[in-house]
Amino acid sequence: MKALAVIDGEHYEPVVRDALAALPYEIVGVWLAGGTEKLRGGEDYGAPVVASLDAGIAEHEPELVIDLSDEPVLGPRERFRVASRVLARGLPYVGPDFRFDAPEFTPFALPSLAVIGTGKRVGKTAVTGHVARLFARDRDVVVVAMGRGGPPEPELAEVRPSVEDLLRLSREGRHAASDYLETAALAGVVTIGCRRCGGGLAGSPGESNVLAGAALAAEREPDLVIFDGSGAAIPPVEVGARVLVTSSAQPLDIATGYLNAYRILISDLVVVTGGADGPLREAIAEIKSVPVLSVELRPRPVEPVGGRRIAYFSTAPAEVHETLGRHLAEQHGAEVTHVSGNLARREALRAELEQVDADVYLVEIKAAAIDVVAEAALERGRELVFADNELVSDGDFDAQLQALAKEPALK
């Protein structure tokens, strides 16, 4: 097996040369990652020294990259950056006590794109819904969504599920607020629900039925298939383009560090919910020259709530509750009596519902939206209205998305 070695100048030449010779690989090149303490000049490592990691991979076409460097040249942060670059090339990255394998993406024949995230609660599903609605204007679109509460076999949702439909699923013991149901209800496109369990550091699902879902989507022969990731897990399908969603609420070293750098490298567009400040843009640019778009998420009731007394239930953090309530009052004419961010915390949510005084429960389709909030609304004779998350951008967001489509729109 051909390998490219990562070395540093903090080791003496004979130590490195002997270590390389002992490896069970054909060393086709070495990349000197840095360090000069033990370099005297004219070192011979038994393999050509490449100008850069990327140049070495392109020139010598190794099957694996092995790292024999160490701190202080490559500390943990720098090593994850190297790992991201290697994995983005589809190669394994190994060292004395670690191995990272690149996620495998199964070829998919139809025009497609994926929406992936740097973690949970970054606004990925809202972006997926927006993308689906945008392309559905002039294309036949199918969304394949995977989630931690998805069905055991890929499940087709061809019509918008109603509150009654979701309550029925919940009472059957199903997760009635799964991402595919949210997208089907709010985006109004054909959606296929899949499941996944577990997720690797680079985004490979532990177990999933997404490939079966992709096959089901292909049977319909749509113009475009949109694959919706789950948390930081990436659909295991080769797509025409990827949109990466991150959030300004994530710490910078999480959003762009570890193997989220890999997610940036394999993406064609980065969307930042909550606003992209200078440091975040600079950190992304250090990894890859890729368009970065800033969007805000604003609740949009799917039915009129003007003049109604409403309680809004979401997963939003407490620091934005006032802003969301003000938006609902000013833009939708509602009298907002309560804003909750406890959809993912059932005990707190149930306690909160005991105190809520409202005629309408406005709810995101997430977490306990159906089994707790919808059931409470039915029990108390309150109206339940779903809330979508509308994307508000200061740039030409839709034009950037349209540029990712490889096939022309239907005439």
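The following questions and answers concern a predicted model.

Q: What makes L349, E352 and L353 of helix 12 count as buried?
A: The term requires under 20% relative accessible area. L349, E352 and L353, in helix 12 (residues 346-353), are classed as buried, so each falls under that cut-off.

Q: How do you know on which side of helix 12 they lie?
A: The arc is taken from the directions that run from the helix axis to the C-beta atoms. For these residues it covers only 95°, which puts them on the same side of helix 12.

Q: Against which elements do the buried residues of helix 12 pack?
A: They pack against strand 16 (309-313), strand 17 (335-340), strand 18 (360-363) and helix 13 (369-380). Contact here means heavy atoms within 4.5 Å.

Q: Why are strand 1 and strand 4 said to pair?
A: Pairing requires at least two bridges between two strands. Strand 1 (residues 2-7) and strand 4 (residues 64-67) have four bridges, in the parallel sense, and therefore meet the criterion of at least two. In strand 4, V65 is the bridge partner of L4.

Q: What makes strand 3 and strand 6 edge strands?
A: Six strands form an open sheet of mixed pairing, in the order 3-2-1-4-5-6. Strand 3 (49-50) and strand 6 (98-100) each pair on one side only.

Q: What share of the 411 residues in the protein is buried?
A: Buried residues make up 53% of them.

Note on methods: Residues numbered from 1 in each chain as written. Predicted model: local features only at pLDDT ≥ 70, side-chain atom pairs only at ≥ 80, totals over all residues. Heavy atoms only, no water. Buried < 20%, exposed > 50% of the residue type's maximum accessible area, 1.4 Å probe, protein only. Helix = DSSP H or I, 4+ residues; strand = E, 2+ residues; numbered from the N terminus.
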